[in-house]
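Before reading on, please take a moment with the sequence and the structure shown below.

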Amino acid sequence: MSSPHDVVISGIGLVSSLGEGSDAHWHKLAQPGLEPVLETARFAPYTVHPLPDIDWNLQIAKRGDQRQMETWQRLGTYAAGLALDDAGIKGNDELCATMDMVVAAGGGERDEAVDAAILAASESRNDRDVLLNEKLTTELRPTLFLAQLSNLLAGNISIVHKVTGSSRTFMGEEGAGVAAVETAAARIRSGQSTHILVGGAFQTEHSDMLLGYELAGYLHRGPWKPVWQRQGAEGGGVVTGSGGAFLVLEQREHATSRGRKIYAELGPIVSGRARRRQGELDAEIATLLKQVALPNGKLLAISGASGAHAATTAEKAVLDANSAIAARGFSTLTGHMKEAQFPFAVALAALAVDHKAAYPVFDATAENPFEGVPATVLATAIGYHQFEGMALVTAA
Amino acid sequence: MANLNDHMGRPIVAVTGIGVVTSLGVGKTDNWAALTSGKSGIHPITRFPIDQLNTRISGMVDFLASSSKGASPLTYELAELAGLEAVAEAGLDSSDFGGPLFLASPPVELDWAERFSLYNSDKDKDDTAAERLLRVARSLKELDIFETTQFGSIADRLADRLGTRGLPITLSTACASGATAIQLGVEAIRRGECDRALSIGADGSATAEALIRFSLLSALSTHNDIPEKASKPFSRDRDGFVLAEGSGALVLESLEAALARGATVLGILGGCGEKADDFHRTRSKPDASPAIAAVRAALADAGLGEDEIDYVNAHGTSTPENDKMEHLALSTVFGERISSMPVSSNKSMIGHTLSAAGAVEAAFSLMTMRESVIPPTINYDNPDPAIVLDVVPNKKRNAEVRTVLSNSFGFGGQNTCLVMAREPV
């Protein structure tokens, strides 16, 4: 039964190594046997899924704006623009001025050259704090700080796309993406918002972004493998990817009254924080599956599994235990996109619902075919280190 | 029987616990005594060398166990202290809070101390700095350094310590973050998702690099000679904010739940308003329209008219731009009345606690109403003739305060305002 306050998805903006836009992603991912785009040399021994060629001008018209950002903020602003375009909101001053926004963000890129010079100098100096002052006061670009600030992705979206109803930035890896979507949907259901932009971006092609995983040994090394097949391989199992995913969530009544296409309805969203050191993760994932109230019959699941050994093993065990579930681990084809992982999973789920077709297996060894029309699709993001979330996406 | 719902039929949100840490001390008692006696917490920087630095003063919190251990450990300790004080005052179990956590905290990065030690722990190989850091990183045997780089880790630890429920939300709206954390808690209670929420703003990120970054943007005061005089909101010779650390925490609770368990109601969180600015990354729209819209949205959300606000706890950073813009916003919203309304800035004494500021200042706003004492704006010796405000200059004032507007504005076009009341309205 649909209700006027349902949350529907009326715009999708995607960028990954596979390309840009929701159509491009659907067409590629619907091809059986699609090969991932891999960069194996630049960050060896790590493999990453690199950004595609992007003409930033298409979504960020002013060169001055582009110069104020580094790649991460450009990528997010670009993906947000794609979603706004897709929803028919871009350039509509009234809709943008009343649009709320929740962005899931980490931090932006540091200046690697400045950092490397400081580290090199530190080999021969003991007064490292003085060294820092000397170098940072003279060599940092003043505006780089703004390109690093977490909330300045949202700030740039306000400036470039004029989304100014409200602006919030959630931090905390995959959990930030889960909470962003969950909070945005709750605002719509309660009548606080009529339309919200929600999503995130991750630019992995920077050594600090890899370091953020590797300080705990989370990255996979050696020959690339699909996300479900990295147990026992060298390293920690995560292969990262650059990408971004933004969704326009809208109150059903609001979307239909302006005659917009609806991809899908966003159903229940559940989230949790297993105390993993106490072994709670398996039970937590099972509990979330129960809370999200799966429908009867076959179910397509778009899994955001990162490849991280413990979390991915736990998720796979719980999904495999339910024979009705056919999972698709999209990190096989896009890499892990951290804060953008959950919005990306929800977007892929919505595309399958909209096209009334499941994706073929992304990994013939570990995934089962799905026949028929997926009227409801599960999206998951089990954090590589902490926090878990799931949502159900259903036919509009 | 008290009315338990507000003018829009939503549950009224009460405050039942308050916690605060600033450079003036740990806890409400010490902070309030200092704040109302016009004492400044701004002092010379000793945490790191000041060679080459244009700004050599701050409101750092230098007296905690983690004060010299880096931004993440100190931010955690600040958040924990404020959270524990608030939960204890609310009379709740400090290890089983039982509601969600909303944490405003600064973005995290690998500290330089760790960068240096990782890099210099393995000098043998002929590789780039980035390669060396990654190679050393993957052989680390413990998670301590890793967790300082995860944006969700401070909240995760707090959730363990305080027994909050569910996925904790860590957020940043720059210098409005503390207010946003409170807003998220209010909204969760109003939507009926929970009976209580813990909102904390904490910031222990005053590193050398942070100071240099703000300096490069010309945002900081360079009045180094008399540190306690450097933060002078609304004065003609104000020249920037003073970087500071601190934390504030509120236990928010539906009035119904608070009364049902016999809790003391310390105040009411009546309204929240926000509006994003699309003008510039660091500057506000010259007509102050987004700040004006945020103030009006907070008043409307609280169901109060412009004539029903008794006192404004200003953002009042002491930057030339903010104070001018804030005055324009307030005079636009409140009209003639603004010249006779008390408007003071806590930052004159504690500096700008960044991600914590909105929460710290909400805590002080609530205490202002409870104690019927308005903390002053100190260092107001040279008024800006273009800003005609009653800033409660230099000395506290005894006054009945029934309602407060607290402003928070931040880089990235963030504007969030809170309206608080002493009693349900």
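The following paragraphs treat the domains, the contact between the chains, the packing of helices, and some backbone details in turn. The model is a predicted one, and the values given here are to be read with that in mind.

**Domains and record annotations**

In chain A, the domain assignment gives a domain 1 made of two stretches, 7–108 and 149–394, and a domain 2 at 112–141. In chain B, the assignment gives domain 1 as 13–108 together with 150–421, and domain 2 as 114–146.

| Chain | Domain 1 | Domain 2 | Distance between centres |
|---|---|---|---|
| chain A | 7–108 + 149–394 | 112–141 | 37 Å |
| chain B | 13–108 + 150–421 | 114–146 | 38 Å |

UniProt, in an unreviewed entry, places the feature "domain: Beta-ketoacyl synthase-like N-terminal" at residues 7–255 of chain A. Over residues 7–255 of chain A, the chain is 41% helix and 17% strand, and the end C-alpha atoms of the span are 10 Å apart. For chain B, an unreviewed UniProt entry places "domain: Ketosynthase family 3 (KS3)" at residues 10–422. That span of chain B is 33% helix and 18% strand, and its end C-alpha atoms lie 18 Å apart.

**Where the chains meet**

How many residues of chain A are in contact with chain B? There are 63 residues of chain A in contact with 62 residues of chain B. The elements of chain A that each give two or more residues to this side are α5 (112–122), α6 (128–139), α7 (144–148), α8 (152–161), β5 (168–171), α9 (173–189), α10 (207–214) and β9 (264–272). Of these, α6(A) gives the most, with eight residues. By class, the residues on the side of chain A that touches chain B divide into 25 nonpolar, 26 polar and twelve charged.

Strands also pair across the two chains: β5(A) and strand β6 of chain B, residues 169–172, pair in the antiparallel sense over three bridges. Within this pairing, A:F170 stands opposite B:L171 in β6(B).

A pair of helices meets between the chains as well, for the axes of α10(A) and helix α4 of chain B, residues 129–137, come within 9 Å and cross at roughly 10°. An angle under 35 degrees counts as roughly parallel, and therefore α10(A) is described as roughly parallel to α4(B). In this contact, A:S207, A:L210, A:L211 and A:E214 of α10(A) meet B:A130, B:L133, B:L134 and B:A137 of α4(B). The residues of the contact divide into six nonpolar, one polar and one charged.

**A helix pair within chain A**

Inside chain A, α9(A) packs against helix α15, residues 341–355, at an angle of about 55°, with the axes of the two helices 6 Å apart. The helices α9(A) and α15(A) are therefore oblique to each other. The contact is made by A:E174, A:G177, A:V178 and A:V181 on the side of α9(A), and by A:Q341, A:F342, A:P343 and A:V346 on the side of α15(A). Sorted by class, this contact has five nonpolar, two polar and one charged residues.

**Backbone details**

Most residues other than glycine have a negative phi, and most peptide bonds are trans. The peptide bond from A:A44 to A:P45, however, is cis, with omega near 10°, and A:P45 is found in the loop between α1 (22–29) and β3 (48–49) of chain A. Although A:F387 is not a glycine, this residue has a positive phi of about 75°. A:F387 lies in the loop between β12 (376–382) and β13 (388–394) of chain A.

Technical notes:
Residues are numbered from 1 along each chain as its sequence is written. Chains are lettered from A and ligands numbered from 1 in the order in which they are written. This is a predicted model: local features need pLDDT of at least 70, side-chain atom pairs count only at pLDDT 80 or more; totals for chains, interfaces and linings use all residues. Two residues are in contact if their C-beta atoms, placed from the backbone, lie within 7 Å. Helices (H or I, at least four residues) and strands (E, at least two) are DSSP runs, numbered from the N terminus. Ala, Val, Leu, Ile, Met, Phe, Trp, Tyr, Cys and Pro count as nonpolar, Asp, Glu, Lys and Arg as charged, and the others, Gly among them, as polar. Two strands pair if DSSP finds at least two bridges between them. Domain bounds come from an automatic or database domain assignment. UniProt positions are given in the numbering used here, feature names are shortened, and annotations may be inferred rather than shown by experiment. Axes are lines fitted to C-alpha atoms, for helices over the stretch in contact, and angles run from 0 to 180 degrees between N-to-C directions. Angles under 35 degrees count as roughly parallel, over 145 as roughly antiparallel, 65 to 115 as roughly perpendicular and the rest as oblique.
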